[in-house]
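Here is a short briefing on one protein model. Look at the fold first, then work through the points below.

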Amino acid sequence: MTEADEEGLLAVALEAARGAGAELRARFGHRQHGVRAKSGPTDQVSDADLAAEAAIREVLRARRPEDAILAEEGGATAGGALRWVVDPLDGTTNFLFGIPVWGVSVACEDADGGLVGVVLDPMRDECFAATRSGVPTLDGEPIRGRGEGELANALVATGFAYDAAVRARQAEVITRLLPRVRDIRRMGAAAIDLCWTACGRFDAFYERGLNPWDIAAGGLIAERAGLQVRRLPETDDQPSGLVVTRDALMDEILALVSTP
């Protein structure tokens, strides 16, 4: 696939993300309807999630009808060699509680991985984007992960699972990590966390229990920003996850967040 092909796919991703973002921005701050539980009482979906996903699917049907789609709410469809991986509202809990940290994540991938990724933050009017062969950007300007500083000065982002038993194990990890770093942030939207790490607002991000749509776009953006994206393997009592940081910090952070 040529750079021109990638740019064409990126344009589709941008259009889809902006359509969903407009839908969500108009609804944010108002009473939400159709709120219901998914995997558990704290894992929720609303009509806003569904409307945003519908806006994305409408663009993809018009622009890329031959491609497959994997989306958080609507599941997977069959298709050709390319697949769109979509989180229409990353940070649903924040959205429902009126916390302005949430975003739209749209990625396209082939058999070799990510081709393009877009993460749109409608509340800040920030758009992160990357292609496989291009320079990652924030609102069109190149970005790069933070490249200096020791672990003791690192600002680390993370997230927590919905399952109580998994959360208990994650709390144990926090007790090991917190004394060793500057501080920890839990923003509640993995795609935003990945992009904020990619542009240097965080030094590192780690989390377990993520789904493909949580990381498809943000993971590509972080990789293109010069960061390592390392998988955390599944264990007997913890789901798989990932760690994203610069080369110099990876081994130290992995040692702290890996389950003993």
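In helix α5 (residues 190–198), the residues A190, A191, I192, D193, L194, C195, W196, T197 and A198 are buried. Buried means under 20% relative accessible area, exposed over 50%, and partly exposed in between, with a 1.4 Å probe and protein chains only. That makes α5 mostly covered, with 9 of its 9 residues buried. The model is predicted: local features need pLDDT of at least 70, side-chain atom pairs count only at pLDDT 80 or more, and totals for chains, interfaces and linings use all residues. Residues are numbered from 1 along each chain as its sequence is written, and side-chain values use heavy atoms, leaving out hydrogens and water.

**Helix α5 and its partner**

- The axes of α5 and α6 (residues 212–224) come within 8 Å and cross at roughly 0 degrees.
- Axes are lines fitted to C-alpha atoms, for helices over the stretch in contact, and angles run from 0 to 180 degrees between N-to-C directions.
- The two helices, α5 and α6, are therefore roughly parallel to each other. Angles under 35 degrees count as roughly parallel, over 145 as roughly antiparallel, 65 to 115 as roughly perpendicular and the rest as oblique.
- On the α5 side, the contact is made by A190, A191, L194, C195 and A198. On the α6 side, D214, I215, G218, G219, I221 and A222 take part. Contact means heavy atoms within 4.5 Å.
- The residues of this contact divide into 8 nonpolar, 2 polar and 1 charged. Ala, Val, Leu, Ile, Met, Phe, Trp, Tyr, Cys and Pro count as nonpolar, Asp, Glu, Lys and Arg as charged, and the others, Gly among them, as polar.
- G200 follows α5 and has a positive phi, near 90 degrees.

**Overall build**

- The protein holds 7 helices and 15 strands. Helices (H or I, at least four residues) and strands (E, at least two) are DSSP runs, numbered from the N terminus.
- Its radius of gyration is 18 Å, close to the 18 Å that the globule rule gives for 260 residues, so the protein is as compact as a globular protein of that length. The radius is taken over C-alpha atoms, and the rule is 2.2 Å times the number of residues to the power 0.38.
- The C-alpha trace spans about 50 × 45 × 35 Å along its principal axes.
- Of the 260 residues, 52% count as buried.
- Among contacts between residues at least 6 apart in sequence, 60% join residues at least 24 apart.

**The sheet of 8 strands**

- This open sheet runs in the order β4-β3-β5-β6-β7-β8-β9-β10, with mixed pairing. Two strands pair if DSSP finds at least two bridges between them.
- β4 (75–76) and β10 (141–142) stand at the edges, each with a single partner strand, so one side of each is left without a neighbour in the sheet.
- β6 (residues 103–110) and β7 (residues 113–121) pair in the antiparallel sense over 7 bridges. S105 has V119 in β7 as its bridge partner.
- Helix α2 (residues 47–63) lies across β3, β4, β5 and β6, at about 150 degrees to β5.
- Helix α6 lies across β3, β5, β6, β7 and β8, at about 100 degrees to β7.

**The sheet of 5 strands**

- This open sheet has the order β12-β11-β13-β15-β14, and its pairing is mixed.
- β12 (183–185) and β14 (228–232) are the edge strands, each with a single partner, so one side of each lacks a neighbour in the sheet.
- Neighbouring strands of this sheet are turned by 20 degrees against each other on average, direction ignored.
- β11 (residues 155–158) and β12 run parallel, joined by 3 bridges. V156 stands opposite I184 in β12.
- Helix α4 (residues 164–177) lies across β11, β12 and β13, at about 155 degrees to β13.
- Helix α7 (residues 247–257) packs on the sheet, touching β13, β14 and β15, and its direction makes about 145 degrees with that of β15.

**Strand β13**

- β13 is mostly covered, with 5 of its 5 residues buried.
- A204, Y206 and R208 point one way, F205 and E207 the other way, and all are buried. In a regular strand the side chains alternate between the two faces of the sheet.
- β11 and β13 run parallel, joined by 3 bridges. T158 has Y206 in β13 as its bridge partner.
- β13 and β15 run antiparallel, joined by 5 bridges. E207 stands opposite L242 in β15.
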